[in-house]
Amino acid sequence: MSESRHARQVALPVIGAEGQRRLSRATVAVVGLGALGSVEAEWLVRAGVGRLLLVDRDVVETTNLQRQVLYTEDDAARGRPKAEAAAARLRAVDSAVDLVPLALDLGPEAAEERLAEADLLLDGTDNFETRYLLNDLAVATRRPWVYAGAVGIHGAVAAFPVGTGCLRCLWPEPPPPGATPTCRDAGVLGPAVGAVASLAAAQAVRLLVGDAPEAPRLLHLDAWSLEVHAVAVPRDPECPACGARRFPWLDGERGRAEAEPVCGSEAVQLPADGARPDLVAGARRLAGRVEGLETTAGLVRWRHRGLELYLFADGRVLVRGTRDVGRARSALARTLGC
Ligand SMILES: [Zn+2]
């Protein structure tokens with residue numbers, strides 16, 4: 001019985017039986033399944049959210065295990081897509097929750113199409129391009145979303161109920177590339193990210209049970225010194241997103257560069273060139289010509305001169321072992337051809 005599983009949560013006056021029913025009927029998109037998304041997704045599954053869309057473009061690496069609590073050494077050794085490894089782990093936590101792994105790079109089209117059914121968007125990403133895309137999507141489609149970010153020993157979280165203001169009221173523009181530290185340069189304390197992700201999950205639960213605050217708040221946390229600051233985020237009538245209702249990230253006018261090194265990782269991502277690839281034909285072409293060829297559902301993996309290449313069903317190629325876009329493109333061209 002779901003009531004007995006969630007009894008300690010139903011007992012909370014802020015949730016109750018009606019709140020629990022709302023959670024069980026809700027669909028949440030967790031975008032990014034690294035350190036933030038791992039913790040967020042696990043709390044929502046344990047809380048009894050009915051359906052989770054689990055979005056991540058990357059595969060599990062050994063350096064993830066220090067903070068990305070859904071994954072194991074086996075996932076890293078196999079280079080499993082995070083979306084699939086996360087879904088498998090969370091299914092073992094609660095088999096009644098409907099888990100939808102989406103191993104894809106979230107561009108504007110995918111965001112609109114694949115996240116259309118989500119009642120709430122939850123930020124598990126490591127980059128501002130995706131966050132501003134989520135903000136555009138949430139404001140444009142009048143859905144609540146929760147921002148979270150962490151690096152070093154710090155983190156921040158903010159919940160944006162519908163019609164109350166948004167991320168661009170707070171920060172009209174994302175920081176320029178390279179202006180903010182990444183977890184690769186600055187390091188990251190696992191429990192600091194975990195704390196921020198837990199607060200983000202709590203805010204998601206609050207919004208899902210229908211107890212939305214009147215105005216967004218931004219909380220900043222230093223997990224080392226235990227300094228915490230929270231400020232109200234006033235709605236900016238001049239805000240380009242929720243004021244003027246312009247959505248350049250969703251319209252594709254702004255966004256990430258064509259091919260880019262993956263944040264915090266020794267890897268390059270090459271975007272899909274349009275058509276969806278035929279994975280079976282691709283694997284056949286590679287057979288006998290490359291090392292370490294493996295085919296799983298939605299993924300072909302192989303090695304070339306010290307690099308590992310992954311071809312995903314949506315046409316993206318992830319090249320691990322370099323941050324040099326040219327070297328990554330060359331490895332792809334020499335093996336799979338153009
Ligand atoms: Zn705004």
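Predicted model: local features only at pLDDT ≥ 70, side-chain atom pairs only at ≥ 80, totals over all residues.
**Helix packing and sheet architecture**

On the α4 side, the contact is formed by Ala-35, Leu-36, Val-39, Glu-40, Trp-43, Leu-44 and Ala-47, while α11 contributes Val-193, Gly-194, Val-196, Ala-197, Ser-198, Ala-200, Ala-201, Ala-204 and Val-205. Sorted by class, the residues of this contact comprise 13 nonpolar, 2 polar and 1 charged.

The strands considered here belong to an open sheet of 8 strands with mixed pairing, arranged in the order β3-β2-β1-β4-β5-β6-β7-β8. Strands β3 (98-102) and β8 (227-232) form the edges, each of them pairing on one side only, and neighbouring strands of the sheet are turned against each other by 15° on average, direction ignored. Within the sheet, strand β1 (residues 27-31) runs parallel to strand β2 (residues 51-55), to which it is joined by 5 bridges; Val-30 has Leu-54 of β2 as its bridge partner.

Two further helices are in contact with strands of the sheet. Helix α6 (residues 82-93) packs on the sheet, where it touches β2 and β3, and its direction makes about 165° with that of β3. Helix α8 (residues 128-140), in turn, lies across β1, β4 (120-123) and β5 (145-151), and runs at about 170° to β5.

Notes
Residues numbered from 1 in each chain as written. Heavy atoms only, no water. Pairing = 2+ DSSP bridges. Helix = DSSP H or I, 4+ residues; strand = E, 2+ residues; numbered from the N terminus. Axes fitted to C-alpha atoms, helices over the stretch in contact; angles between N-to-C directions. Contact = heavy atoms within 4.5 Å. Nonpolar A, V, L, I, M, F, W, Y, C, P; charged D, E, K, R; others polar.
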